[in-house]
Amino acid sequence: MKAEYTQVVVNKAELLKYVIREHLKKEVNEVGRDRLLIEARFIYFYILRQDEQMVYQKIGDTVNMNHASVLHGCEKVKFWLETDHQFRDKYLMVLASYNREVYGIAKEKETNELRDKLNKEREEKTKLTKPEKQAKRLGAVYDKLHLLIDKTPEEKADDLLTRVEAIYNMMQMDLKRKRI
């Protein structure tokens, strides 16, 4: 029984290596620090861990690495899936192809649902963050202005006010010119 399980694990690992080689044009067994190679290797780690529930050491053994490297790779993939949309597209492409090869069309539908879910989450984050970023930026500008005002000596306060009003008037004139 254990020998059969080991053979299935090796076959899935080899199949995933093949899928990655076909889509990303990289060998996960290669040694190097090229960005695409690292991404390919980390995708390999993450899929075997998440979809096949392989332990970190077994995954590492398939590429002659230790379990800590695999753990680090899986953590990086989680972060990149949330923040790097190009990486996420590579991951989903490899995952869809792997699932199609191993499980057939049913698993591919799950992958497409995952893609839709991640896209929806990304849209919601961008909707929420734009006004928040603008408010944060505006708050930071106000804070800097207040610091400048506080640092200004009493006798120079009128000069500062005159200069700030002049800058404001120039900005208003620029805005009027752009509207015309």
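This is a predicted model: local features need pLDDT of at least 70, side-chain atom pairs count only at pLDDT 80 or more; totals for chains, interfaces and linings use all residues.
Color by secondary structure and you get 7 helices and 0 strands. Follow the chain along its sequence and the pattern reads α-α-α-α-α-α-α. Now consider the contacts in the chain with a separation of 6 or more: residues 24 or more positions apart account for 55% of them.

**Stop 1: helix α2**

Select residues 35-50, which form helix α2. This helix has 16 residues. From its first C-alpha to its last it reaches 22 Å, close to the 22 Å expected at 1.5 Å a residue.

How many of the residues of α2 are buried? The count is 12 of 16, so the helix is mostly covered. Show their side chains: Leu37, Ile38, Glu39, Ala40, Arg41, Phe42, Ile43, Tyr44, Phe45, Tyr46, Ile47 and Leu48.

**Stop 2: Glu39**

Stay in α2 and pick Glu39. Is Glu39 buried or exposed? Its relative accessibility is 3%, under the 20% cut-off, so Glu39 counts as buried. Now show what surrounds this residue. Leaving aside residues up to four places away in sequence, Glu39 touches Trp80, Asp84, Phe87 and Lys90.

**Stop 3**

Move on to Gln53, in the loop between α2 and α3. Check its backbone. Most residues other than glycine have a negative phi. Gln53 is not a glycine, yet its phi is positive, at about 55°. With a relative accessible area of 55%, Gln53 is exposed.

**Stop 4**

Next, select Asn64, in the loop between α3 and α4. What is the phi of Asn64? The value is near 55°, again positive in a residue other than glycine. Asn64 is exposed too, with a relative accessible area of 74%.

**Stop 5: helix α4**

Select residues 67-83 for helix α4. Its 17 residues should span 24 Å at 1.5 Å a residue. The end C-alpha atoms are 25 Å apart, which agrees.

Which residues of α4 are buried? Highlight Val70, Gly73, Cys74, Val77, Trp80 and Leu81. Then look down the helix axis. These residues cover an arc of only 130° around the axis, which puts them on the same side of α4. There is a general rule to keep in mind here. An α-helix has 3.6 residues a turn, so residues three or four places apart point the same way.

What covers the buried residues of α4? The cover includes α2, α3 (56-62) and α5 (85-103). Show those helices around α4.

**Stop 6: where α2 meets α4**

Finish with α2 and α4 together. Two packed helices are described by the angle between their axes and the distance between the axes. Here the angle is about 100°, and the axes are 8 Å apart. That makes α2 roughly perpendicular to α4.

Now select the two sides of the contact:

- From α2: Arg35, Ile38, Glu39, Phe42, Ile43, Phe45, Tyr46 and Arg49.
- From α4: Ser69, Val70, His72, Gly73, Cys74, Lys76, Val77, Lys78, Trp80 and Leu81.

Color these residues by type. The contact divides into 10 nonpolar, 3 polar and 5 charged residues. Glu39, from the second stop, is one of the α2 residues here. Trp80, which Glu39 touches, is among those of α4.

Conventions. Residues are numbered from 1 along each chain as its sequence is written. Side-chain values use heavy atoms; hydrogens and water are left out. Axes are lines fitted to C-alpha atoms, for helices over the stretch in contact, and angles run from 0 to 180 degrees between N-to-C directions. Helices (H or I, at least four residues) and strands (E, at least two) are DSSP runs, numbered from the N terminus. Angles under 35 degrees count as roughly parallel, over 145 as roughly antiparallel, 65 to 115 as roughly perpendicular and the rest as oblique. Contact means heavy atoms within 4.5 Å. Ala, Val, Leu, Ile, Met, Phe, Trp, Tyr, Cys and Pro count as nonpolar, Asp, Glu, Lys and Arg as charged, and the others, Gly among them, as polar. The expected span of a helix is 1.5 Å times one less than its number of residues. Buried means under 20% relative accessible area, exposed over 50%, partly exposed in between (1.4 Å probe, protein chains only). The arc is that of the directions from the helix axis to the C-beta atoms.
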